Amino acid sequence: MGSVAAGAVRHPVVRRLSFVDAFLWAFRLAVVLVVVWGTVGTLRLGRYTGEQWVDFVVFGLAQGGIYALIALGYTMVYGILRMINFAHGEVFMSGAYTAYFVAAPLAASGFLNRHPILSLLLLVAVAAVVSTGVAVLVERVAYRPLRRAPRLVPLITAIGASFFLQYAFRGLYGSGFKAYPEFELFKGEWQVLGIGILRTQAVVLASAAVLMFALYQFVMRTKVGKAMRAVSEDKDAAALMGIDVDRIIVLTFAVGGAAAGAAGILYALVFKQVHFFMGFVPGIKAFTSAVLGGIGNIPGAMLGGLFLGVVESVGPALFLDGLGIVAPYQLKDVIAFTMLVMVLIFRPQGILGERLAAKRA
Amino acid sequence: MALLELEDLHVYYGNIHALKGVSLHVEAGEIVALLGANGAGKSTTLNTVSGLLRPRRGSVRLEGDDLIRVPPHRIVERGVVQVPEGRRIFGQLTVLENLEMGAFTRTDPQGVKEDLERVFTLFPRLKERAGQVAGTLSGGEQQMLAIGRALMARPRVLLMDEPSMGLAPLLVEQIFDAIQEINRQGTTILLVEQNAYMALQVAHRGYVLQTGQVVLSGPAEQLRENPEVKRAYLGG
């Protein structure tokens, strides 16, 4: 032992630069090189106009707002239980998919376009209620009995619950894509400061912003929100203050579920279809957002979601087009998950949060 | 009838028999000290009363009502509130939010407002720092906050676990002054302490725990004079 330590002291530089470190530095360098080279290339080509860049950013923000709303559920549950609720993507899917069966008759009867705002609120309410119900049910059945089990166990049941929900909804609603009805009101563009912005994206971005603001105020200002923060810090101390910890945990799942349900409707507005598997990719993207912002940190999840959305939307054109890659937009998931890997390696605590592994269990 | 009565409590951690038939009682208006070395079972006793631990045998009664199987948050509602060992304040919440959490079960906003003023009178430092994040307080201030937070529940019985732990002597004096003041205002106190000297000065009666059993009990002045207590806990 002693001699090894002494060796480390004698050659600190040599010992520090292990193979893994060298590889990581090469990885960093490669990413930076690709980004810089691609960006210079793209800007020299001048293929995109200023307006197109604005479009990319706005689309990214709208998409990011959806990620952020889903990410809130991951981050709040992590904050309170130190576990990743991998069934959260399915919570998101369940609300949007169920609300389709309200949206379709509304559209068929013409109500949807006669009262678009009312219809949208109704759909959001239906989706939020269903998603909340599913989230609370998953907590009750799959997580609560395992509250005192090792941390790997609820992770496994989370994956099980995720598959269960996917195939349960496939059995319930069928395996095909369902085309969501479109709102006439949200077609076309609005002119904002002389720039045309797709109405759908404006609506999505505004709704996401309002919901995030409301949720943040709820957590920061209400008694229940404060109790959620207290429970996430110290469950026993919270119980000693008269807080019903189980009830607060259920409420956390419910609030996260409601946000995911609302996000589901916004997603359906943008992509205009639903499917039993639709929760998987947005779920993982939202998880990425939560990690990016710092898991357990609510403003972090919002920031992470918006950041991921923008990078994913601007990135392919900015970094990849200049490298001569054909159809760079198909590689947007590569950008997202490269970011996840890089955050986990280089800054596990995320932009605003604490270190994932160091957080007390 | 005693306000709080523990009878023949047996508590286990897995196979470890932590409390081996602890019986004690606290009368309304008293300060009762629970003394003993590390690992004697003092915190275990308080956590059993608070409902965090479930005894295998025995009973905890508040004015005759059994508290076993009552969940911790309901025990707080009934007026038995703990200031936990190591303070356990919510470090990321503000001082005021911590105090609000203490009043979580309350449904009388007017009474809560009065109690907030009472806590601020007792610990003026907390008022100065009401908007500050609690994790940035000093150790003494955190202990004041932990006590103030428990008082916000308007307890009938206050369980205090090592309130002097890790504090400078001057602060220990302050905390013990506060304990006496709280008691004068009508709150019954069960006080767990390693600082037997201070505890026996403020307490009316005391119990000495050793490896999960009550080995001595009696009025505080009598315990102060007891040769065994002197040798083991009072350094003389």
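**Figure 1. B:Gln210 in strand β9 of chain B.** B:Gln210 sits in strand β9 (residues 205-210) of chain B, where helices (H or I, at least four residues) and strands (E, at least two) are DSSP runs numbered from the N terminus. The model is predicted: local features need pLDDT of at least 70, side-chain atom pairs count only at pLDDT 80 or more, and totals for chains, interfaces and linings use all residues. Residues are numbered from 1 along each chain as its sequence is written, chains are lettered from A and ligands numbered from 1 in the order in which they are written, and side-chain values use heavy atoms, with hydrogens and water left out. B:Gln210 counts as partly exposed because its relative accessibility is 41%; buried means under 20% relative accessible area, exposed over 50%, and partly exposed in between (1.4 Å probe, protein chains only). Not counting residues up to four places away in sequence, B:Gln210 touches B:Ala40, B:Val215 and B:Tyr233, contact being defined as heavy atoms within 4.5 Å. B:Gly111 is 99 residues from B:Gln210 in sequence, and the two C-alpha atoms are 41 Å apart in space.

**Figure 2. Two arginines of chain B with positive phi.** Most residues other than glycine have a negative phi. B:Arg69 has a phi near 75° and is placed in the loop between β5 (65-66) and α2 of chain B. With a relative accessible area of 62%, B:Arg69 is exposed. B:Arg154 also has a positive phi, of about 50°, although it is not a glycine. The loop that holds B:Arg154 runs between α6 (139-151) and β7 (157-161) of chain B. B:Arg154 counts as partly exposed, at 39% relative accessibility.

**Figure 3. Chain B as a whole.** Chain B contains 10 helices and 10 strands. Its radius of gyration, 17 Å, is close to the 18 Å that the globule rule gives for 236 residues, so chain B is as compact as a globular protein of that length. The radius is taken over C-alpha atoms, and the globule rule is 2.2 Å times the number of residues to the power 0.38. Along the principal axes, the C-alpha atoms fill a box of roughly 45 × 40 × 35 Å. Of the 236 residues of chain B, 54% count as buried. Among contacts in chain B between residues at least 6 apart in sequence, 67% join residues at least 24 apart.

**Figure 4. The interface of chain B and chain A.** In this view 23 residues of chain B are in contact with 18 residues of chain A. The area buried between the two chains is about 2000 Å², of which carbon and sulfur atoms give 63%; buried area is the accessible area (1.4 Å probe) that two parts lose on being put together, summed over both. B:Phe90, B:Met101 and B:Phe104 supply 32% of the area that chain B buries against chain A, more than any other three residues.

Figure 5. The rule finds 3 salt bridges between chain B and chain A, each a side-chain nitrogen of Lys or Arg within 4 Å of a carboxyl oxygen of Asp or Glu. A salt bridge joins the side chains of A:Asp234 and B:Arg88 (2.5 Å, N to O). On the side of chain B that touches chain A, α2 (72-77), β6 (80-83) and α3 (95-102) of chain B each supply at least two residues. Of the elements, α3(B) gives the most to this side, with 4 residues.

**Figure 6. A:Thr42 in helix α3 of chain A.** A:Thr42 lies in helix α3 (residues 19-45) of chain A and is buried, with a relative accessible area of 4%. The side chain of A:Thr42 reaches the backbone oxygen of A:Ala317 at 3.1 Å. Beyond its neighbours within four places in sequence, A:Thr42 has contacts that include A:Tyr48, A:Trp53, A:Leu318 and A:Asp321.

Technical notes: A polar contact is a pair of N or O atoms within 3.5 Å; within protein, one must be able to donate a hydrogen and the other to accept it, and residues adjacent in sequence count only if both atoms are side-chain atoms.
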